[in-house]
Amino acid sequence: MFHKIGQFKTQLSDQILEVQQRYKDFRIYDFGSYALNRLTPKQGYSVETQLAYGLKARQRFDLFLSHQPLAHRPLIVFVHGGAWLHGDKKDYHFIGEAFAKEGYDVVVMNYHLAPEHIFPIYINDLHLLLNHLQQHADQLNVSTENLVLMGHSAGAFNVMSALYHPQKAMIEREQIRAIIGLAGPYHFDYKDDPICADAFDQSIPYQQVMPYYFVENTSTKHYLFMAERDNIVGHFNSQDLDRVLKDHGNHSELITIPKLGHITMIGSLSSLFSRFFETKPRVMWALEDAFK
């Protein structure tokens with residue numbers, strides 16, 4: 001009997017390692033971001049890299065400034081995914097280009113990663129960045145009057161937690177006009193999770209962390225995107241959050257993107273592929289809807 005239990009534990013450990021490795025293999029920058037960034041057009045915007053929003057090495061951001069001459073251009077702050085364990089802003093220049101050429105200024109940020117840093121450090125980084133942008137808006141030549149937070153996967157959790165957090169948000173919620181969450185995990189139990197357990201204190205129940213449990217009524221508009229073929233983040237995350245947002249009187253739109261999976265949805269925003277998929281047109285609709 002004990003021999004069988006030992007075999008089961010070994011098999012389970014092997015399965016967990018396999019899932020972890022499979023997720024690493026899914027990383028956008030492992031199979032295409034280099035090509036996406038290299039082939040991304042460099043026209044219609046200017047970019048400044050490695051700008052500091054804090055004193056630590058990971059507290060850096062890249063700023064894409066649109067060349068369209070609009071006063072008070074909306075500012076998109078994009079937060080990358082990677083299970084809070086990996087990812088880098090340099091792999092998402094195609095995101096900056098995709099929206100800067102449409103007339104939006106775009107910030108793509110780095111933040112502290114697990115396992116060295118766990119929740120809520122990466123949320124604190126986002127708050128620090130937002131405060132920095134507000135305090136240095138004139139110097140950076142951006143406007144924070146029309147601010148949009150956009151994140152993919154773990155980054156979507158981060159942007160949602162910027163508003164809905166166990167502690168009161170350290171930012172002015174009114175400055176955030178919209179949140180666009182792409183395949184975000186907003187309502188799940190991370191206890192011994194094979195992918196992201198290292199990003200959270202395992203002694204703290206997920207009900208004391210997940211943004212789902214801290215929703216309040218705000219003026220922010222929410223757009224929750226799901227990838228039809230997502231096999232990493234369950235659709236229930238967005239569906240549950242959409243429901244509780246509406247229960248609190250918030251604006252929320254639940255949007256499913258057909259044919260795409262968890263990683264391919266973010267890649268489909270690239271100018272190389274956006275005309276073939278619904279992702280970017282639906283995100284552009286959300287942006288226009290947010291500023292009606």
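Me: Which residue in S6 does His 152 stand opposite?
Reply: His 152 stands opposite Leu 182 in S6. Strands here are DSSP runs of E of at least two residues, and helices are runs of H or I of at least four, both numbered from the N terminus. The model is predicted, so local features need pLDDT of at least 70 and side-chain atom pairs count only at pLDDT 80 or more, while totals for chains, interfaces and linings use all residues. Residues are numbered from 1 along each chain as its sequence is written, and side-chain values use heavy atoms, with hydrogens and water left out.

Me: How many bridges are there between S5 and S6?
Reply: Strand S5 (residues 147-152) pairs with S6 in the parallel sense over six bridges. Two strands count as paired if DSSP finds at least two bridges between them.

Me: And what about S6 with S7, how many bridges there?
Reply: Five bridges link strand S6 (residues 176-182) with S7, again in the parallel sense. Gly 181 has Leu 224 of S7 as its bridge partner.

Me: Which residue of S8 partners Phe 225?
Reply: The partner of Phe 225 is Ile 255 in S8. S7 and strand S8 (residues 251-257) run parallel and are joined by seven bridges. Between S7 and S8 the chain passes through helix H8 (residues 236-247), in a right-handed β-α-β crossover; right-handed means that, with the strands pointing away from the viewer, the path from the first strand over the helix to the second runs clockwise.

Me: What is the strand order in the sheet?
Reply: The open sheet has eight strands in the order S1-S2-S4-S3-S5-S6-S7-S8, with mixed pairing. Strand S1 (45-52) and S8 each have a single partner strand, so one side of each lacks a neighbour in the sheet.

Me: Changing topic: how many cavities of 30 Å³ or more are there?
Reply: There are two cavities of 30 Å³ or more. A cavity is a set of points, on a 1 Å grid over the protein atoms alone, where a 1.4 Å probe fits but cannot get out; lining residues have an atom within 4 Å of a point.

Me: Which strand gives the most to the lining of the second largest cavity?
Reply: Strand S7 (residues 221-227) does, with three residues. The lining includes Phe 225, Met 226, Asp 230 and His 235.

Me: How many residues of S7 are buried?
Reply: Six of the seven residues of S7 are buried, that is, under 20% relative accessible area with a 1.4 Å probe and protein chains only.

Technical notes: 1 Å grid on protein atoms, 1.4 Å probe; cavity = no way out; pocket = protein on both sides within 12 Å on 5 of 7 lines; lining within 4 Å. Points joined across faces, edges and corners; volume = space filled by probe spheres on them. Buried < 20%, exposed > 50% of the residue type's maximum accessible area, 1.4 Å probe, protein only.
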